[in-house]
Amino acid sequence: MAVCFLTPIYTSSEKRPLISDHIKGPLVAAFRSPLMKALDRITTSNALDEREPATGFPVIPYIQGVTEPIKRILNSHNVKVAQKPFQTLGHIFAKPKDPVTKEQRTDAIYSIPCNDCDHEYIGQTKRQFGTRLKEHQKAVFFCKKENSALSEYTCLTNQTIGWDNSKIITANRCYHQRLCLEAWH
């Protein structure tokens, strides 16, 4: 949740309509946060004795030195404030899983460039990219044209392939969409 702070927030009676006019609006009304509703409730009450009981409360991130004065001001106007941590343990510690390497990625549309010219082979695979790359390398090494279009190209032109420069362009789990993306690239 994003919290917008109005700087400065005037609390005198002649400045309250300015805050209220700034917060209200026909398009903004549907997307008003609890903090904005609380500020609106403050601006509509004229005397401290006429305050209505708090029905909800805004949740603001805790930032040392900033949140305390805001909470104190809102509490003086009978607005209860909840605080949430700005940074959680999940943000601090590293992710428990190792990242997936390029060779382990599945459902990939990939590119294998030619070292001798600017052509590149575009393919797709549901299996791991590393497995399909090894199949291409084996087909090129044994010049098996029926196993790979890349092998057919290298056998006919005697060009070398940049295996180390191969990359995954994108990934998609749906077979038909992968075919369309392969044709598009």
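**Note on the predicted structure**

1. Burial of R178. R178 is buried, with a relative accessible area of 2%. Here buried means under 20% relative accessible area, exposed means over 50%, and partly exposed lies in between (1.4 Å probe, protein chains only). R178 is in helix α7 (residues 175-184). Helices (H or I, at least four residues) and strands (E, at least two) are DSSP runs, numbered from the N terminus.

2. Basis of the note. This is a predicted model, in which local features need pLDDT of at least 70 and side-chain atom pairs count only at pLDDT 80 or more, while totals for chains, interfaces and linings use all residues. Residues are numbered from 1 along each chain as its sequence is written, and side-chain values use heavy atoms, with hydrogens and water left out.

3. The salt bridges of D107. D107 forms a salt bridge with R178, and the closest N and O atoms are 3.4 Å apart. A salt bridge is a side-chain nitrogen of Lys or Arg within 4 Å of a carboxyl oxygen of Asp or Glu. Because D107 lies in the loop between α4 and β3 and R178 in helix α7, the pair ties together parts that are 71 residues apart in sequence. D107 also meets K126 in a salt bridge (3.6 Å, N to O). K126 lies in the loop between β4 and α5, so this pair ties together parts that are 19 residues apart in sequence. D107 is buried at 8% relative accessible area, whereas K126 is exposed at 55%.

4. The other salt bridges. A search of the whole structure finds 4 salt bridges. One of them joins R127 to E135, with the closest N and O atoms 2.8 Å apart. R127 is partly exposed at 40% relative accessible area, and E135 counts as partly exposed at 31%. Salt bridges that share partners join D107, K126 and R178 into one network.

5. Overall arrangement. The protein has 7 helices and 5 strands, and along the sequence they follow the pattern α-α-β-α-β-α-β-β-α-α-β-α. Of its 185 residues, 29% are buried. Contact means heavy atoms within 4.5 Å. Among contacts between residues at least 6 apart in sequence, 54% join residues at least 24 apart.

6. How many residues of strand β3 (residues 108-113) are buried? The strand is mostly covered, with 6 of its 6 residues buried. A108, Y110 and I112 point one way, while I109, S111 and P113 point the other way. Two strands pair if DSSP finds at least two bridges between them. β3 runs antiparallel to strand β4 (residues 120-125), to which 6 bridges join it; the two form a hairpin with 6 residues between them. β3 also pairs with strand β5 (residues 167-171) in the antiparallel sense, over 4 bridges.

7. F129 in helix α5. F129 lies in helix α5 (residues 129-141) and counts as buried at 0% relative accessibility. Leaving aside neighbours within four places in sequence, F129 is in contact with K102, E103, R105, Y110, S166 and I168. F129 and K102 are 27 residues apart in sequence, and their C-alpha atoms are 7.1 Å apart in space.

8. Cysteines. A disulfide is a covalent bond between the sulfur atoms of two cysteines. In this model, it is assigned to a pair of cysteine sulfur atoms within 2.5 Å. The structure holds 1 disulfide, which joins C143 to C155 (S to S 1.8 Å). C143 is in the loop between α5 and α6 (149-157) and C155 in helix α6, 12 residues apart. C143 counts as partly exposed at 39% relative accessibility, and C155 is buried at 19%.

9. Surface. The accessible surface comes to about 13100 Å², of which 56% belongs to carbon and sulfur atoms. Accessible areas come from the Shrake-Rupley method with a 1.4 Å probe; for residues, only the protein chains shown count as cover. I63, V66 and F86 make a nonpolar surface patch of about 270 Å². Patches are made of residues with over 30% relative accessible area and no salt bridge: like charges are joined within 9 Å, nonpolar side chains (Val, Leu, Ile, Met, Phe, Trp, Tyr) within 5 Å. I63 counts as partly exposed at 34% relative accessibility.
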